[in-house]
Amino acid sequence: MSSTRTKPLVAVTQMCSTSNKAENMRQVEKLIEMAKAQSAEFVFLPECCDFVGENRQQTLELSEPLTGPTIEQYQGLAQKHDIWLSLGGFHESILDEYERKTDKIYNAHVILNNCGELIAVYRKLHLFDVDTPEFKFQESKIVCGGQHLVSPIETPIGNLALQICYDMRFPETSILLRRSGAQLLTYPSAFTYYTGKAHWEILLRSRAIETQCFIIAAAQMGSHNPKRRSWGHALIIDPWGKILADLGEKELDVATVEIDLDSLEPMRCRMPCFNHRRDDIYSLVAYGEGTIECQTDYMFAENCIKKETIFFESPYSYAFTNICCVVEGHVLVSTKRIVPRLKDLNSAEISDLFNVTCRIQRMLENFYKTTASTVNVQDGPLAGQTVPHVHFHVMPRRQGDFEHNDEVYRMLEIVNKKKQRSIEERINEAQSYREALRNMKQ
């Protein structure tokens with residue numbers, strides 16, 4: 001008899017990892033088998049699903065790169081069981097230029113598809129450095145913080161956003177991920193017993209309610225060693241804040257829930273919180289948020305900027321190659337909305353424009369191997385503005401560009417009289433910058 005179920009079924013898990021990697025892998029395989037028996041399409045494993053070290057040195061010794069044998073075992077399990085896996089917090093070795101382990105690791109959230117292919121990696125941004133009357137923990141002694149958010153990824157269960165444990169205390173990231181299209185947020189964890197008892201459920205329900213997303217939080221449970229004990233209570237929560245699954249204090253268990261994505265849009269329409277955000281008063285912008293693949297042309301005042309010449313696009317701004325350059329690498333960063341003056345921008349546009357400008361400056365200096373830039377905005381006709389649309393000039397500077405350094409500003413006044421570059425030249429340059437930005441993010 002064929003199943004009539006159309007909603008994706010996800011499995012949240014709970015386990016108790018130790019420093020015995022082989023035993024932990026047996027637990028993982030058992031959890032996957034239990035989830036598969038219930039017809040789950042996606043299994044969510046907790047932080048430290050590979051191991052929990054008893055000390056700093058052991059953690060370094062047991063860590064592996066993402067090309068190591070432990071990830072290969074996980075890939076084999078995903079392929080064998082035809083199931084997607086969320087490896088909630090993998091101890092990823094950081095290697096030096098000779099492919100040798102360093103004295104630091106990443107706390108990495110890894111997604112594998114049902115063919116065993118590595119789809120996404122998020123490295124934990126917020127490190128758990130705390131000193132309470134009950135315990136002290138310094139994650140930063142061994143872990144390096146990640147450098148960027150990972151945009152929500154398309155999966156069979158919806159648009160999935162990746163976080164890890166302590167990240168849940170920072171709602172800014174969940175709001176940015178929701179704004180980027182997230183339907184589900186994940187918080188795989190090894191939450192301490194003390195903080196879990198006080199805050200675990202409250203924090204996760206809050207993240208669900210404020211983002212209007214499903215929350216999936218796999219968990220470690222029980223005593224890993226004499227020094228470390230986890231709270232458990234792996235949860236799945238709906239966008240209204242209702243708990244759909246709670247594994248309590250079971251040390252090895254699975255709960256499956258159907259994810260009703262069709263319920264999201266009606267609820268978000270009835271309570272359109274994200275439409276009510278006051279961008280004119282406050283804003284929230286992630287550094288580097290945006291894409292290198294622009295899908296449309298934009299108007300720069302009355303001039304059409306072809307998408308092929310745009311090498312970075314953010315929610316409110318875009319960067320493009322210049323038709324007449326004062327120095328090599330001279331590019332422009334403009335707002336999407338046609339606004340003549342800086343003072344007329346709202347809070348979100350101001351934050352985003354400066355954010356993108358700094359990111360492009362960083363890329364150009366790295367690309368041209370320079371150590372300085374002229375970053376200039378001509379705000380109004382009397383300041384030399386010839387295009388009535390807010391934009392920044394970003395120009396990487398080199399020794400001896402001009403006889404007198406400030407001559408760059410006079411050159412800006414007469415740049416439009418210079419010979420214009422061909423569209424082919426500008427497109428090729430934009431492609432070079434896209435590749436440079438891609439390499440920076442990696």
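**Helix packing, sheets and domains in a predicted model**

The model is predicted, with local features requiring pLDDT of at least 70 and side-chain atom pairs counting only at pLDDT 80 or more, while totals for chains, interfaces and linings use all residues. Residues are numbered from 1 along each chain as its sequence is written, and side-chain values use heavy atoms, leaving out hydrogens and water.

**The α4–α5 pair**
- The axes of α4 (residues 171-179) and α5 (residues 193-211) come within 10 Å and cross at roughly 35 degrees; axes are lines fitted to C-alpha atoms, for helices over the stretch in contact, and angles run from 0 to 180 degrees between N-to-C directions.
- Helices (H or I, at least four residues) and strands (E, at least two) are DSSP runs numbered from the N terminus.
- Pro171, Ser174, Ile175 and Arg178 of α4 meet Arg207, Glu210 and Thr211 of α5, where contact means heavy atoms within 4.5 Å.

**The six-stranded sheet**
- An open sheet with mixed pairing is formed by six strands in the order β8-β9-β10-β11-β14-β15, two strands being paired if DSSP finds at least two bridges between them.
- Because β8 (153-155) and β15 (243-246) stand at the edges with a single partner strand each, one side of each is left without a neighbour in the sheet.
- Strand β14 (residues 235-237) pairs with β15 in the antiparallel sense over three bridges, and Ile237 stands opposite Ile243 in β15.
- Helix α5 lies across β10 (184-186), β11 (214-217), β14 and β15, running at about 25 degrees to β14.

**The five-stranded sheet**
- Five strands, in the order β19-β20-β21-β23-β22, form an open sheet whose pairing is antiparallel; its edge strands are β19 (310-313) and β22 (372-376), each of which pairs on one side only.
- Strands β21 (residues 331-335) and β23 (residues 391-397) pair over four bridges in the antiparallel sense, with Phe392 of β23 as the bridge partner of Val333.
- Helix α9 (residues 423-441) lies across β19, β20 (317-321) and β21, at about 40 degrees to β19.

**Domains and annotation**
- The domain assignment gives domain 1 (9-274) and domain 2 (298-439), with bounds that come from an automatic or database assignment; their centres, taken over C-alpha atoms, are separated by 40 Å.
- An unreviewed UniProt entry places the feature "domain: HIT" at residues 296-404, although such annotations may be inferred rather than shown by experiment.
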